[in-house]
Amino acid sequence: MIEKQYKDTETPHLSKKILDLIEQKGLSPKPKWHFFVREWVVWGMVGVALLVGSLATTLTIYIGNTSRFMERHIFFSDLLFLFRLVPFLWLLLLCIAIFYTVYAVRETRRGYKWSSSWLVAGAVGASIFIGASAHALGVGEAIDRYLLTEMPLYRPLTNFHPKMWMNMEQGVVAGTVTVVGEETFVLQKLDGEEIKVMVISEMDMRSPDELHEGMRVRIVGTSTIEGGETVFKSTAVEPFHGRGGPLFRGARLPPPPDMKER
Amino acid sequence: MIRVSTSREAFGCIVDRYEEKLLRYLRRIMPGLGEDAYDVLQEVFIKTYVNVKGFDTTLSFSSWIYRIAHNEAVNWLRKKKVRPLTTELGEDDFQTFAESLEVSHGTHEQALTKDAVMRTLSQMPEKYYTVLVLHFLEGKSYEEISDILTTPSGTVATLIHRAKKQFSTIHEKHHD
């Protein structure tokens with residue numbers, strides 16, 4: 001406390017009073033490393049927030065892409081069905097991560113110099129760039145598959161519903177290939193029932209992954225009855241790893257011996 | 001500055017150099033502070049001494065110590081749960097404000113008194129009042145205000161523009 005005498009005179013020797021006080025209290029300047037550590041911790045928080053945002057972006061892209069497989073083949077007659085395909089959990093996490101990134105950057109030494117809109121744009125841009133790169137490397141698929149198999153709580157939180165792939169009226173079905181023919185194969189659906197699948201189009205089959213027995217696939221097409229037997233005419237077939245695998249890795253029937261590889 | 005200020009004696013020079021400026025600034029942004037101003041000022045210098053090695057050398061030392069003073073003032077107001085309701089202006093400050101804020105002298109020439117300016121300033125939000133004080137009375141540039149208030153300089157420009165506009169509006173309203 002500054003003494004009354006000083007307050008009354010209001011002028012000299014504040015410096016002396018301050019220096020005396022510093023000595024009395026035994027104060028000394030905090031070491032430089034204290035400020036370095038603080039700065040690095042804050043930047044570390046920025047890094048973690050960006051990483052979480054990027055992973056959320058990867059999973060949003062991955063799940064969005066796998067859902068698009070359905071969306072492209074299903075008419076917009078069932079909006080609720082389409083609504084369930086949106087990866088809300090990851091979108092929410094992405095928003096939280098972006099908010100936290102902005103907050104953490106603001107806490108850095110010079111973070112105040114950037115306006116909030118620039119920081120949000122930067123955080124979104126970085127998350128998309130890193131997230132898209134990670135998606136290209138298959139990180140999103142790996143994480144999603146891991147969470148689906150290892151974390152029972154994850155499934156109810158996401159749009160993973162095997163029932164979605166049991167909707168032949170909507171033109172989608174999934175299961176395991178049991179017998180592979182030349183232009184047909186037998187599919188054991190997720191509920192155990194076997195159906196015959198006829199490949200009528202090789203749409204989206206850009207990669208030469210071949211169908212084989214025991215392979216899990218998801219199929220888009222139309223269901224018909226031919227000769228009293230249910231036949232599913234497929235327009236697109238893809239490997240089905242839990243959620244379904246990336247779009248660009250299609251599956252195709254082995255070409256007949258006389259058919260040249262395109 | 002950092003190297004010098006870590007010795008206690010040299011720090012005394014810093015206190016001597018900024019004592020008057022900071023005391024004046026604290027009284028401007030916290031009118032009615034009275035003798036508490038010295039306690040706040042003392043805390044400002046103690047914090048400056050303790051944190052001196054964290055000073056960002058890309059800033060001017062003046063901006064940095066003003067930032068500490070500003071934060072200390074805000075903390076004091078928060079602790080006491082008060083807001084500066086009365087604005088005290090010296091004759092010089094009044095003249096500076098009257099000229100800088102471009103209040104119309106035409107019809108309200110009689111009304112443009114020190115009391116009127118003080119009353120108008122008292123009704124302005126704290127953030128507007130603070131930028132006006134820093135810019136017009138303390139003579140700080142947008143960049144310096146940005147460093148003191150840790151706000152982007154674009155935001156400072158917007159705040160000053162809005163503060164001037166609001167000053168005119170409140171002032172005009174008083175005389176309608």
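In the predicted model, helix α2 of chain A (residues 14-25) packs against α2(B) at an angle of about 135°, the two axes being 8 Å apart. The orientation of α2(A) and α2(B) is therefore oblique, and their crossing is right-handed. On the side of α2(A), the residues that make this contact are A:Leu14, A:Ser15, A:Ile18, A:Leu19 and A:Ile22, and α2(B) contributes B:Arg8, B:Gly12, B:Val15, B:Asp16 and B:Glu19. The contact between these two helices comprises five nonpolar, two polar and three charged residues.

Taken as a whole, the contact between the chains involves 20 residues from chain A and 24 residues from chain B. On the side of chain B that touches chain A, two or more residues are supplied by each of α2 (8-29), α3 (36-50) and α9 (153-174) of chain B. The greatest contribution to this side comes from α3(B), with seven residues. Its composition by class, for the side of chain B that touches chain A, is eight nonpolar, nine polar and seven charged residues.

Chain B itself contains nine helices and zero strands, arranged along the sequence in the pattern α-α-α-α-α-α-α-α-α. Buried residues account for 31% of the 176 residues of chain B. Of the contacts in chain B that link residues at least 6 apart in sequence, 69% are between residues at least 24 apart.

Methods: Residues numbered from 1 in each chain as written. Chains lettered and ligands numbered in written order. Predicted model: local features only at pLDDT ≥ 70, side-chain atom pairs only at ≥ 80, totals over all residues. Contact = placed C-beta atoms within 7 Å. Helix = DSSP H or I, 4+ residues; strand = E, 2+ residues; numbered from the N terminus. Nonpolar A, V, L, I, M, F, W, Y, C, P; charged D, E, K, R; others polar. Buried ≥ 20, exposed ≤ 12 C-beta atoms within 10 Å, placed from the backbone. Axes fitted to C-alpha atoms, helices over the stretch in contact; angles between N-to-C directions. Parallel < 35°, antiparallel > 145°, perpendicular 65-115°, else oblique. Left-handed = near helix turned anticlockwise from the far one by under 90°.
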